[in-house]
Protein chains: 6
Amino acid sequence: MPKRIGAFGEVMMRLQVPGVQLLSQGNTLNYSFSGTGVNVSSALARFGHEGALISRLPNTSLGEAAAAYLRKLGISSSFVIRGGEYLGLYFLENGFGARPSKVTYSNRLESSFNTAPEETYNYEVIARSLDVIHFCGITLAMNDSVRHHMKSLARAVKQQGGTVIFDCNYRPSLWGTEGYTLAKPHYEEMLELADIVMMNEKDAIFILGMSSVQAEREEQLLELIPAVAKQFDISVIAGTHRSIHGDNSHSLRGFLYKNQSFFFSDTLRFLVYDRIGAGDAYTSGIVHGELTGFTPEQTVRFAAAASMLAHTVEGDTPMASEADILRAMTLSVGDVER
Amino acid sequence: MPKRIGAFGEVMMRLQVPGVQLLSQGNTLNYSFSGTGVNVSSALARFGHEGALISRLPNTSLGEAAAAYLRKLGISSSFVIRGGEYLGLYFLENGFGARPSKVTYSNRLESSFNTAPEETYNYEVIARSLDVIHFCGITLAMNDSVRHHMKSLARAVKQQGGTVIFDCNYRPSLWGTEGYTLAKPHYEEMLELADIVMMNEKDAIFILGMSSVQAEREEQLLELIPAVAKQFDISVIAGTHRSIHGDNSHSLRGFLYKNQSFFFSDTLRFLVYDRIGAGDAYTSGIVHGELTGFTPEQTVRFAAAASMLAHTVEGDTPMASEADILRAMTLSVGDVER
Amino acid sequence: MPKRIGAFGEVMMRLQVPGVQLLSQGNTLNYSFSGTGVNVSSALARFGHEGALISRLPNTSLGEAAAAYLRKLGISSSFVIRGGEYLGLYFLENGFGARPSKVTYSNRLESSFNTAPEETYNYEVIARSLDVIHFCGITLAMNDSVRHHMKSLARAVKQQGGTVIFDCNYRPSLWGTEGYTLAKPHYEEMLELADIVMMNEKDAIFILGMSSVQAEREEQLLELIPAVAKQFDISVIAGTHRSIHGDNSHSLRGFLYKNQSFFFSDTLRFLVYDRIGAGDAYTSGIVHGELTGFTPEQTVRFAAAASMLAHTVEGDTPMASEADILRAMTLSVGDVER
Amino acid sequence: MPKRIGAFGEVMMRLQVPGVQLLSQGNTLNYSFSGTGVNVSSALARFGHEGALISRLPNTSLGEAAAAYLRKLGISSSFVIRGGEYLGLYFLENGFGARPSKVTYSNRLESSFNTAPEETYNYEVIARSLDVIHFCGITLAMNDSVRHHMKSLARAVKQQGGTVIFDCNYRPSLWGTEGYTLAKPHYEEMLELADIVMMNEKDAIFILGMSSVQAEREEQLLELIPAVAKQFDISVIAGTHRSIHGDNSHSLRGFLYKNQSFFFSDTLRFLVYDRIGAGDAYTSGIVHGELTGFTPEQTVRFAAAASMLAHTVEGDTPMASEADILRAMTLSVGDVER
Amino acid sequence: MPKRIGAFGEVMMRLQVPGVQLLSQGNTLNYSFSGTGVNVSSALARFGHEGALISRLPNTSLGEAAAAYLRKLGISSSFVIRGGEYLGLYFLENGFGARPSKVTYSNRLESSFNTAPEETYNYEVIARSLDVIHFCGITLAMNDSVRHHMKSLARAVKQQGGTVIFDCNYRPSLWGTEGYTLAKPHYEEMLELADIVMMNEKDAIFILGMSSVQAEREEQLLELIPAVAKQFDISVIAGTHRSIHGDNSHSLRGFLYKNQSFFFSDTLRFLVYDRIGAGDAYTSGIVHGELTGFTPEQTVRFAAAASMLAHTVEGDTPMASEADILRAMTLSVGDVER
Amino acid sequence: MPKRIGAFGEVMMRLQVPGVQLLSQGNTLNYSFSGTGVNVSSALARFGHEGALISRLPNTSLGEAAAAYLRKLGISSSFVIRGGEYLGLYFLENGFGARPSKVTYSNRLESSFNTAPEETYNYEVIARSLDVIHFCGITLAMNDSVRHHMKSLARAVKQQGGTVIFDCNYRPSLWGTEGYTLAKPHYEEMLELADIVMMNEKDAIFILGMSSVQAEREEQLLELIPAVAKQFDISVIAGTHRSIHGDNSHSLRGFLYKNQSFFFSDTLRFLVYDRIGAGDAYTSGIVHGELTGFTPEQTVRFAAAASMLAHTVEGDTPMASEADILRAMTLSVGDVER
């Protein structure tokens, strides 16, 4: 049975130099609109659920274009408030081989989302309309006012009996120096509220300040994730380990910890077209599996395949249907479908 | 000495989403015109023969554009009749890595080609103007009227002493359920008329209903192809075995059966840019080798190299000259030519 | 108060050669999705109503892309049924000055919409969800089965007390020779059901077979429209007179007949970028004025300005907000807004 | 009855900055291939004749692309010789309103055409294959060797009883200072050989050194053209008067002098998209009218309408069919054709 | 003799939807970099002077691209300081006919330029390197810190004996409500320092609070400009009157007040391609005329022609050379230059 | 401390078919401007030196565009003379996998650079303004007049105590048959003048006519390079060995011979996007290392990494900063930088 899923987060405009040119070489940009909340609510809508975004957009041509783009992605905009003046945006220069991709942000702190005043969102009404709500660590890094909205919404959903998902998603550049110290209490507060959490052993070590006797990340994971789950009473913790190769391919292995057990996907190796947003595809796969009643084994394999496919499409937002993902889980690389 | 070669087949418009976007992401398409007959007659014209298409195009802007495109490819349009209303077309969404390409067809059964009335083609006149004629299994799948044109033309060419080429090219989606049963008598009729046939062991098993005691496709090939050649009195049977790898490369090995002997190309492994039409390049290589008096060893190697190069150009239609192919047969991967 | 408005009609893919090239010159196309129902429901959604389309789309990549496009336009897809195989499409070559634009259609009779079987639409459920429903003469020209859906829906809405809008929109190429004779009974049936009708004196003369003693179209209009309104008991009849000038500009004058009186807009003269769909913008303006309680004078001026603006945007579908139109009604040509 | 028409002239690559950017602003170019001979032979092929180009192209990728482009235009390439090294090319920056378009040439004197050695063209064989041959003053400006080919071909066609067309087309930048003195004997030689000549009063005054007592160009035309016709025994002299307006429109009036009488088209005023090649469309119209047996009145109106339409398409080469032109002669500006 | 000219102002990124699409329709943008200071210093460099920009750019890919763009325009970047984090940017949706263009700004107050700290610019060093410096009212509207830089630079140049140019350029949206009151003292301070001022009667009335007994703007101009020149001891005041027509053309008349006399250009009417930056072209023409020793009549005609040409190129920045402008002053609309 | 570096060489326009199409398939080109001197002076300017080009450009739109492009690259144009008529240009068709890239040149011998008359360059003034000057073997192949400029400049710089760099860069197609015999004395003259030379063992064997007892190129290198250094008294000789793989990757190993010792980089294997100009990046790295006082080990590793990165950007000209290269030397392949 389809669920009603909300995601709280900023909508950003992505401005990408086409091909592999640098900003100083070209004169055209491709644009789209995304964000962790956009990606997750859109992917879940594509899986058959009702996906709604809780956000704020300006009353400008940019806001209009963003709203149209969200509708195109199948996202319900009932909780998208219009107001404020600016839209956050970032520029993307694609890398190639030995040259990494580069992201340059505009000043997102003045965006409509990040300047949403006290009364912007009606937490109770929103909470009553949702079965599940998704938050992420990027939003948590913005400012006190956004954090207040975030925690209030989480609490409201919790009180209505809904499920709270939290993706740790720590971005050092957003928290600045002394970032881990600054971030820790906020992360702990969110972990207390969360039922499903996306993280791995690095988050435990760097954000939560845990320490491990192990040297290998696989071992650290096995040691620390159960400790986190226990400490914060979290039902499901999931995440990935990624390796990046020189031939334009990545390897990815998903894990899922639930009921005191770990479940792992195969290590998938695949060619990468667009890496941004592939983590959100993994999250969406985990959430869909949990909401739909997949076994943990199925869920982690589904999420890993969803993430793999998200690397093969242009743009931040996953475009694969459930059928596409199920086929990718079972088949080998195929010929043209005609 | 150049030969006069005709190919009977439909011209289709190919509408391709640029890059790797999906139809639901983009807003532009690249278009070209192709078809098995287009590809084969164009490739043979490029090798120095006279290549003519026998087909029917509508009297619309689309028909005009298609005719101009055929001329550009060097194809003689003396036997391209104008009439009817529609042009068949298909949409192509490029895959990437683990995500396969996807083809969506329009309703081609209403096309000018597939609704060509009784008197459209003057079989005798056409047959007298040609040394060789090419047909394929896609055309055979259309409808009774097209099949009538096809067989009448084949018979007329045969009576004039010309050579008949038939490419089995079975497409399950065109024949529907019970397709093999439906197709079998038509295929048998064409094989009776043909001198040169493109097929492999799968065609023998699935279309002709033969069975093999072997499990490996290489063994099945060695068992079944001679049987087919004998049963239908076919001079030359040729085809390929293809493997698809996860790193955007394919492997291809060509075979040629003639005078009770098999000849094989090396197994070529190469990066793939555009897979569609690469089979027609192989056919063209076989036909050119046979018409030009290559040894069977040369022919099969030439055809395999022609097919390999066809994977490296955009569009369905092979663009390599004889010189390009001969160089690809002898040289290793090269630096910029300047 | 916003109304719930449905429009019954086909979604077509528009494939436009960019700039002023011909299909035989270029190799790229821009695509979008439109149709009279799409244009009207989208425009009314933009004016603040709930706009829903009643239609049928195939389960293919094309259907997926069309559905995403409808969502982007703000159209509710609750009544968009998925099924069938094909999407109707047309090619547009832009004219320039003395050279007219040219439209080439694919075979739309095989489209999902035009092959929708008996049980496709639940007329009662749809009728209960709507205040108003819109139909047009293009749909009426398709086939008996589509006409059956159309009249059944009109009757169901009528029975629920809803308002029926009918845009005569006679396209000679769709009805063929003897078209007027063939069309007349169907048009009469729709006019009997309709409350608001889009037409002008030519429709009265050619479709309904009325005759006028007047020579000038302005006089014929004044004579015939009241007769039509009386005969079919229609509340509102509206339409336009258009003149086309050699300098890339058109002149347009809107009329509205209601309560035995005629109301006219000024004759607007304006530069034309994209003429297709501008009639639907006029319809949308009339409907919005009527539903919102504008005076007839306001309504006809609003509709004419809406139509004028629709000539200035790319694509078939009107993109102007109510505010844009109100400003265009009052202001002269302006400088950059910054 | 269709005629066999040849045109002798250089093929040049046209490299156009898209839109209205300057070369120093942009980074992309659109390319096509043209030339007076290309334009005339293509237009006449479009009117149903056999149009052949007599020219020379290099054996490079550029020559290959040019040859494919000629085929696309419907031009027979039987007399297109391959050899030499370079292709002439020019860059086009579009003007806008008060800013004129700008053309920058490459060094065309080293082109394959302009370095064609003595034995390149078999004058007798070519002359026997043609009913009509076309030359222009641009070719005459190249060098002695090209002039030798040109006059030899003209004489050969003349001896076979064919018709010789000569378009004066004097380009000051090609002849340099003292150009008129240098050009005069060559022009006189061509006029002696020609049956149909494209020129106006300015050519008579500046190239042939005639003088007129009149001040207005209309009067000068009436005085000088009959004198030229008489002196050189020319059957038909035709040309245009053009005025350029500030609003992106031109006015054009065609004239035709034949059997001691002048015939004029209306003065057509029209929006201009691409002015280059529109003179060749006029020539093609005159030639088609003469070859097809139009009355002189029809011919000059047909040619003027052909030229008008050639201003409305992209590229140098006329794209209108006979039907398109006949409609443009009779109809006013029209709505979308659908 | 070429002069050394500096311009103090912000560099902004211009992000333009191609063609006439809206941001909510398209998915690509063209980008360039501009600003009043950029436009003026580039235009004067194109006229043969040394043009330098005094500004601040971030150390990001955007700053890198902006710096490369300035170099391309021929602007010296000796005084372009690198620091801060953001670049101001704006989105441009082109209008068409009755639909105006629309500009949407990002939050420019956080830009590198607008957050330049106290010690950023070495006023004395800059002043010693320049003969002339240019400021504009847009910069004056930013914040106190920018105003401090602006006035300090103006004073330093004044003390070195240089010429100060001030373009009033009042933008209501930047000053907010009560803007005129807020702006007045700052404008007065700049006018006290300025030698050459760009303004018209509206600036005198609205910013300086002057009143006129006249009703027509032409009369108000004649009354108020001399008063301003006298009050603030300004050598040269210049500006334009513009009318906007419905057919995509504007009319422009330039004036120059100097030595108690008015000088006017003809009223030029011309088609408009890109209106943004055309005022800066006028300023550049006035400055060039003054620095080069043109008569006032020549200067005002040169400036008006420069502005007219700036409407015919893409982008904010004038691209015409002195020769281009001189020709536009003397010639009528021309044919292709080849 | 930054150095003043000049490079003497031709600027060519690069016209590239986008994607992997052939010239006969496409209709658009991307253009940029490059040349060995352009690449080297730009790369060194990017590393913080003053990079100047000594060259000659025509006074046309092409020359204007080239000059703007050089400025954008950060190259000083103080020694770029304007005159002559043409700009050399070349067309690039990208290869893919087994299909090599193809370059087609225009007639560069008529270019402004190659027709520069005697007095074009003031050798003494230029020499006094430079610390270092760079020449290459492509320029040496042009004609006697260019060679005269080249050697005169080299001698002038030498006399001023500057450093002379010479890149052997032998292109067989430019020297023709008997090329090595023709080239040898000119190469020897340049090697006599040079302090830093780019070459490898093949140049020693084929141009200088040396012979080696070794069969492997690595052994030949070790034998011949010291001999060359000794014979011509060269301080530094550097170059690369390259292998090309079938999977779109190359391997590169740099060497540096100095003070009787060889220094080698690791063999780097990397994906290749645009191979043209990557040799110039290597040269720039060697020169930068030498001028900046890197150890030879650092220099050769820096140059190899610079060359590797140059394969990953579009266009001939290296775009990497010193920081980019230093990071590429130390880090493994990375994730998105954000």
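Guide: Before we start, a helix here is a DSSP run of H or I with at least four residues, and helices are numbered from the N terminus. Also bear in mind that this is a predicted model.

Visitor: OK, then which helix of chain E does E:Gln159 lie in?
Guide: Look for the run in chain E that covers residues 144–159. E:Gln159 belongs to that run, and the helix is H5.

Visitor: Is E:Gln159 buried or exposed?
Guide: Count the other C-beta atoms within 10 Å of E:Gln159 and you get 11. A residue with 12 or fewer counts as exposed. So E:Gln159 is exposed.

Visitor: How far apart in space are E:Gln159 and E:Ala127, C-alpha to C-alpha?
Guide: In sequence, E:Gln159 and E:Ala127 are 32 residues apart. In space, their C-alpha separation is 8.5 Å.

Visitor: Let's hop to chain D. Is D:Gln16 buried or exposed?
Guide: D:Gln16 sits in strand E2, residues 12–16 of chain D. It has 23 C-beta neighbours inside 10 Å, and the cut-off for burial is 20 or more. So D:Gln16 counts as buried.

Visitor: Which residues does D:Gln16 touch, not counting those up to four places away in sequence?
Guide: D:Phe47 is 31 residues along the chain from D:Gln16, and their C-alpha atoms are separated by 27 Å. As for what D:Gln16 does touch, leaving out residues up to four places away in sequence, the list is D:Leu29, D:Asn30 and D:Leu92.

Visitor: How many residues are in the largest nonpolar core?
Guide: In soluble globular proteins, nonpolar side chains tend to be buried together. Here, the residues with the most contacts inside the largest core are A:Ala66, B:Ala66, C:Ala66, D:Ala66, E:Ala66 and F:Ala66. A:Ala66, for one, is in contact with A:Val11, A:Met13, A:Phe33, A:Leu57 and A:Leu87, leaving aside neighbours within four places in sequence. The residue count of that core is 659.

Visitor: How are H10(E) and H11(E) oriented to each other?
Guide: H10(E) spans residues 278–292, H11(E) spans 296–310, and they pack at about 150 degrees with axes 7 Å apart. Among the residues that meet are E:Gly285 and E:Gly289 from H10(E), and E:Phe302 and E:Ala306 from H11(E). The crossing is right-handed. Angles over 145 degrees count as roughly antiparallel, so H10(E) and H11(E) are roughly antiparallel.

Visitor: What sort of axis relates chain E and chain A?
Guide: Chain E can be laid on chain A with an RMSD of 0.0 Å by a turn of 180 degrees and a shift of 0.0 Å along the axis. The two copies are thus related as by a two-fold rotation axis.

Visitor: Which residue of chain E comes closest to the rotation axis?
Guide: Of the interface residues of chain E, 100% are also interface residues in chain A, so the copies meet through the same surface. The closest C-alpha approach of chain E to the axis is 2.5 Å, and it belongs to E:Leu29.

Note on methods: Residues are numbered from 1 along each chain as its sequence is written. Chains are lettered from A and ligands numbered from 1 in the order in which they are written. This is a predicted model: local features need pLDDT of at least 70, side-chain atom pairs count only at pLDDT 80 or more; totals for chains, interfaces and linings use all residues. Copies are superposed by least squares on the C-alpha atoms of residues with pLDDT of at least 70 in both. Two residues are in contact if their C-beta atoms, placed from the backbone, lie within 7 Å. A nonpolar core is a set of buried Ala, Val, Leu, Ile, Met, Phe, Trp, Tyr and Cys residues joined through C-beta atoms within 7 Å. Axes are lines fitted to C-alpha atoms, for helices over the stretch in contact, and angles run from 0 to 180 degrees between N-to-C directions. Helices (H or I, at least four residues) and strands (E, at least two) are DSSP runs, numbered from the N terminus. Angles under 35 degrees count as roughly parallel, over 145 as roughly antiparallel, 65 to 115 as roughly perpendicular and the rest as oblique. A crossing is left-handed if the near helix is turned anticlockwise from the far one by less than a right angle, and right-handed if clockwise.
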